[in-house]
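This report describes a protein chain in plain terms.

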Amino acid sequence: MKILLLNDNATLNHVGCQAVSDAIARRIGELGHTIVSRFFLGEVYRFRRSTPEEGVAAVLADEEICDQIGNVDVVICNGEGSIHHGAGTELLAVLGAAQRLGKPTLLFNTVFEETPGWESVLLQLLDFTVRDHRSLAYSKSLGVSARFVPDISLEAKYVLHKQISLAGKDVLTDWHPLRTDVEAIIRGYASERTATEKFYLPLHSRDTAEMWRSLPSMLSDCRVLLTARHHGAYMAALCGCPFVLLGSNTHKMEGILDMFPGLPFCRSRDDLPAAIEYAVANKALFTTFAHTMAAMLPLSHFERLGRGDTEPSAARELERLELDLAVKRSKVFSDTAMLVSQRSAEFFGSAAAVV
């Protein structure tokens with residue numbers, strides 16, 4: 001089956017986006033399908049509109065993308081962190097146009113929040129999978145059927161090599177720029193003098209993104225992870241390391257808590273010491289969380305596509321992904337381990353300077 005893929009985020013320097021892109025190509029190849037057209041993050045932004053009528057009309061008026069839709073058997077879209085609070089309508093517009101052109105459409109791995117008015121497109125999807133229970137509840141509130149399937153990053157290919165040792169350290173990730181309250185919590189903890197060494201590991205960073213395959217292994221023996229990143233929690237789930245959740249720009253972090261209510265969630269600076277203490281004292285909880293997530297594999301994002309008519313090959317689709325990426329960017333090779341360690345030292349230096 002020939003596939004057009006929307007919203008591949010491999011061009012974004014984010015650990016989670018790299019893992020998701022790897023997993024998509026890998027699974028599509030294993031099922032014997034071929035991605036013949038791939039649109040990366042932002043490449044269909046010109047079709048963003050406030051209503052389906054306007055958005056679909058804009059896509060149908062674009063001869064180039066209509067030709068690409070006409071050349072495939074199905075159009076699929078990686079929802080990831082894109083469809084919320086009115087954003088991501090350009091993706092829904094392309095799906096709606098594909099439906100008008102008689103193509104099956106699939107929306108998968110989606111966060112879905114506060115984006116009403118597009119039910120006419122969502123109701124015609126071949127399949128709609130969301131990655132948290134709050135997105136599931138929201139879709140149902142609009143009368144749209146969806147399925148919960150965990151984030152597809154669980155199926156990416158990781159390695160055991162540790163490029164940086166985080167053994168025994170408190171690891172702090174970055175946060176969404178809109179959450180200045182979360183920034184204050186993380187920076188505040190960074191500035192505190194503690195018995196445990198701390199390490200700052202931004203997940204939205206070119207250097208960290210280069211070593212994404214190593215992150216679960218690197219986190220496996222840290223003392224605790226403080227993360228306001230959805231994929232930070234998923235990386236922890238892969239290795240069973242204790243972690244504390246903080247809020248993000250959507251309900252995705254609360255959605256993880258809904259899935260596994262015992263996890264520690266920090267909503268204020270005053271909550272943080274108890275949350276860290278709880279996480280460190282209850283490592284078995286995170287081992288159970290890791291086993292629960294692993295038991296959901298293989299994930300069912302693409303089950304409605306069935307088996308393709310080509311020889312199953314993850315390698316083929318990963319090679320195709322790299323060829324598409326080569327057109328979009330030139331890779332910079334550097335000593336990423338040194339740069340990430342240096343950035344951590346600079347972060348704690350700046351935190352100390354403002355105290």
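The protein chain carries 36 positive and 43 negative side chains, and the centres of the two sets are 3 Å apart. Lys and Arg count as positive, Asp and Glu as negative, while His and the chain ends are not counted. Each charge is placed at NZ of Lys, CZ of Arg, CG of Asp or CD of Glu.

The model is predicted: local features need pLDDT of at least 70 and side-chain atom pairs pLDDT 80 or more, whereas totals for chains, interfaces and linings use all residues. Residues are numbered from 1 along each chain as its sequence is written, and side-chain values use heavy atoms, without hydrogens and water.

| Property of the protein chain | Value |
|---|---|
| Box filled by the C-alpha atoms, along the principal axes | roughly 60 × 40 × 40 Å |
| Buried share (under 20% relative accessible area, 1.4 Å probe, protein chains only) | 57% of 355 residues |

The secondary structure comes to 15 helices and 11 strands, which are DSSP runs of at least four residues (H or I) and at least two (E), numbered from the N terminus. An open sheet with parallel pairing holds 5 strands in the order S8-S7-S9-S10-S11. Its edge strands, S8 (198-200) and S11 (265-266), each pair on one side only. Pairing requires at least two DSSP bridges between two strands. Strand S10 (residues 243-246) is joined to S11 by 2 bridges, and Leu245 has Phe265 as its bridge partner in S11.

Conventions. Buried means under 20% relative accessible area, exposed over 50%, partly exposed in between (1.4 Å probe, protein chains only).
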